[in-house]
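The stops below go from one selection to the next.

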Amino acid sequence: MRSKFKWIFTLLLAFSMQFSFAQEKTVTGVVSDDKGTLPGANVVVKGTARGVQTDMDGKYAIKVKQGETLVFSFIGMKDVEKVVGASNTVSVKMEPTTSVLQEVVVEGYRTTTKAATVVAQTTVNAKTIENRPNASFIQTLQGQVAGLNIQTGSGQPGAKSTVIIRGVGTINANTDPLYVIDGMPTNGDNFRSLNPNDIESATVLKDASAIAIYGNRGSNGVIVVKTRKGGTEQGKTKFRYSLNTGFTSLQGNDYSLANAKELLTLERTYGVGRGNLNPATGVPFTDAEINAYPIDTDWVDYFFDTAASSEHNFSVESQGKSLSSYTSLNYLDQEGILKSTGLKRFTLRNNLNGKSENEKFFYSTNLSLGFSKNNEATNLGTGAINRNYVLGATLSAPYISPDEYIDPVQVFDLYQADGTLLYTPLFLMDKLATYTNQTDELRLIGSLEAGYEIFKNLTFKSRTGIESIQNRFTQSEHPISFNALLFVNPGQEFGGFEDVNNRRETYFNQLWQLDYTRKFAEKHTVRLLAATEYNFNQLNSNNVRQRGLNPSTFVPGTGSGYLADITAHDFYGPQASVGKLKRNLLSYFGTLDYDFNNKYGIVGSFRRDGTSAFIGDRVWGEFWSVGARWNIDNEAFLKDSKIFKVLKMRGSYGTVGNQRIVDGTVFAGLNPPPYINTLGVSAAAANVYNGQAISTLTLGYDDLHWETTEQSNVGLDFELFNKSRLRGTFDWYNRNTIEVFNPDPISPIAGATTLNRNSKANVRNKGVELSLAFDVVNNENFKFTLRGNGSYNDNSVDGLILNDGRTIQGNYITANGGRVYEFYVIPYAGVNPANGELLFQAADGTLTENPVDADRVATGKSEIPVYQGGFGFDIDYKGFFATSNFSFSQKVWRFDFDLDGFYDPTSLGQFVVSNDLLNAWTPTNTNTDVPALNALNLGTAANSDRFIQDASFVRLRYLQVGYRIPKKFLDKTFISGLSFYAQGENIYTWTKWRGFDAESDRAADQAQYPTPRIISFGMDLRF
């Protein structure tokens, strides 16, 4: 009986243990790697659909049975499996799949990994781009990429930046890189209707191995933009809202301008203007009257304002294994610091990705809609004192008061009575009140991509994309305005005008692509890509100007108040023009990629392009590249290295083309095409015979074709020490552009002495690039990283034939052995202490007051920097974070024509001047660097280097500081993440340049719109 009881007891105990074993329990833990916790890691019960994701602190909690297996996964990390035992805590530390080099790299028509790539490229991710207070994402790339020179020459919100990759590779052709957004080649003239917060990454492709696959459009480099997609976590939906609001202000300048009292004193000394003729007394101002003068207007402060800006961004990310999407809405309202300017933008985006259950079929759609309203300042950089607001701000006499303005007729009467430009600020005050302009832009980008895995290693893909950009520009000048009264014709009762210009650009792209990948004998991998592509571009434009407006009924933009033409004269009525331009491109291309045992690789590409821009045998062109790599870190002698975690050498050589041989938009040079002869009629005296205008002949070049760039590159990628603490990239490159489109001499018997054609001239750019990042501290609570990049570029020209190898255009020269468009001026040598005249250095080394053109010298200086780059830091400490970016440009020079104007004594009586003129040479003040106010050779300074200024700078481009609310305070709310931050753009600049803005894309600056300083505050909410 006792034995039987024991047997029953043992059986019950076994059943009890089995029940206990099978009972669910909650297991918690932390998922981390060697750099800290991993938010968003997947924790799944193996063989089931049960799973969770780690929170912002890498923590998770999941219900599981003892004996089941948990699978931990994270992008770029090796999967980890853990069997659940008696413990209720399971924490894991994950390891990278191999190294950071497994990160996906975009190479245009294909993707690969950092370890396998042979190209020179740099990727800027969303973390760097998002929530910056810039209307264009291009501006956020400044100082981020070695060899990428971005110059924003205007503070107009949404203005286009000049982007140059690895130096200027042409003399007359376009230098813009090709922009590709989600596979769609796009118009890069502006990105004001694109939401930067939608961008996942922007990759800059530089060498031949990266850009030869783009054929005759890739010689200036390629910038590939990927927008955000939905994730793959099943059933997860994420919401995000960010707010950014702040203000913009004018950066300072170092011009020392005369105040009202100083200006009146100078005018009295010079014998002109109000200082020499007091309106109240009819005689020059006395010292007492000058000291008592009550007006001292700061016209810069009048025309420039502290402006407000705000941006709202909302996005929804729907995740799923077979179907995911990303949808966003954005609204931006950015006022310009210059009165009457600003930008408003609304964007909508939806990206959808899906695949079949067996993952053989996949598809995606990308749809982006952007609408913007832009009010721009006109006539910038010109001497139009009645139209350029910046001239009014910088040149207006401070003793003029805004209170002197009453209405347009009164201002016109003042001008008529005075006969000078003294009342310039009143002219422009009137324009602010009577002139309007607005550019409405609607930009639609859509694409559909679908693919199917035909066989195990063979995939077919098709992508159709279209972009439509519609612009409507309107501007009007009221019939009762100073400018309308100024330009009214005799006998014309009503002036004024209104322009309505409509422009529609259409870009269509169709791609068919086959990918084949095969691995054999364990160590050999071959990948083939074959594709054909068709690109169609078309521009339609129609422009109407209405002359003559009825002041009683005119309302801008409505068509009301238009006066009809009358038989008595032709002053009223519309003028119209219509245009249509096309450009087509048909291409066949492919790549071959071979890898041996993840140690050695070689990639070749070939592209054949047929373009409508040329004719005959020159329609088709071929471009190619070859690149190779050596993953040294995978060699046995480095396997156990404690120093080198990653070490890869790569090199490439190839050719690429530039079909945009005429600078301008993508449609420039199409009408008339440069390959045909054209006739024109000119009434100039040189083209008149026997009193009749004669036709002028411009010869075309029927063998016209693209410029070709040959490029070689050698690079080194490295990661050193534990946790890849020091990492970087070094590149050396040599770009040589041949068959440059340029004038060559021909026999006069042909009817001309020069012919624009693909000449024997070539432009070479040689340089080096270095990018570094160093983790000063890297642990769970504190991360501190220093980073920097820099480049050196040597630009030179050779092969010019015309004029003994020298092309001279005023103060600029392009000559064999020199740089493209370097300054060609007379050396300025100071002031002659004997008479106050300007001194210059003659060609023979002597000093002269009367130089000639033969005294000009090539300076080796230009507006394109020799050195450029950026540096900064990233800090993250217990929720507090800070990031900075400094950018620099060195060995860059520009003409400062603003400074020239301030030193011009002939401006006295009309405009403000520098108070340095108070120190001008006089018989009793001979030790000075300011010439006599009545020096006879003042005008010669414009042909000298007197006002060529060093525009090198180091700028604190961006600084952000903020705080991330700890997850523990949000656990019981719907919020998954919340952060607050303050940030600034263009905060401070160290430079010798005296103007408002050292950064510019021009060789000479006068009365331009400076880039502003931006201070903003933001919030980023995730739920």
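Helices (H or I, at least four residues) and strands (E, at least two) are DSSP runs, numbered from the N terminus. This is a predicted model, in which local features need pLDDT of at least 70 and side-chain atom pairs count only at pLDDT 80 or more, while totals for chains, interfaces and linings use all residues. Residues are numbered from 1 along each chain as its sequence is written, and side-chain values use heavy atoms, with hydrogens and water left out.

Strands β38 (residues 762-778) and β39 (residues 782-798) run antiparallel and share 16 bridges; two strands pair if DSSP finds at least two bridges between them. Pick asparagine 778 and its bridge partner in β39, lysine 783.

Now go to threonine 883, in strand β48 (residues 880-890). Is threonine 883 buried or exposed? Threonine 883 has a relative accessible area of 16% and is therefore buried (under 20% relative accessible area; exposed is over 50%, partly exposed in between, with a 1.4 Å probe and protein chains only). Show its side chain: polar contacts link it to the side chains of aspartate 874 at 2.5 Å and arginine 787 at 3.2 Å. A polar contact is a pair of N or O atoms within 3.5 Å; within protein, one must be able to donate a hydrogen and the other to accept it, and residues adjacent in sequence count only if both atoms are side-chain atoms. Leaving out residues up to four places away in sequence, threonine 883 also touches residues including Phe873, Tyr958 and Gln960 (heavy atoms within 4.5 Å).

Move to α9 (408-418). Aspartate 407 caps its N-terminal end, with a side-chain oxygen 3.2 Å from the backbone nitrogen of valine 409. Pro408, Gln410, Val411 and Phe412 are buried in α9, and the helix's buried residues pack against α10 and α11 (482-487). Just after α9, glycine 419 has a positive phi of about 75°.

Last, select the largest nonpolar core, of 60 residues: buried Ala, Val, Leu, Ile, Met, Phe, Trp, Tyr and Cys residues joined through side-chain atoms within 4.5 Å. Those with the most contacts inside it include Leu263, Phe304 and Tyr399. Elements giving two or more residues to this core include α4 (260-270), α9 and β44 (838-841). The largest share, five residues, comes from α8.
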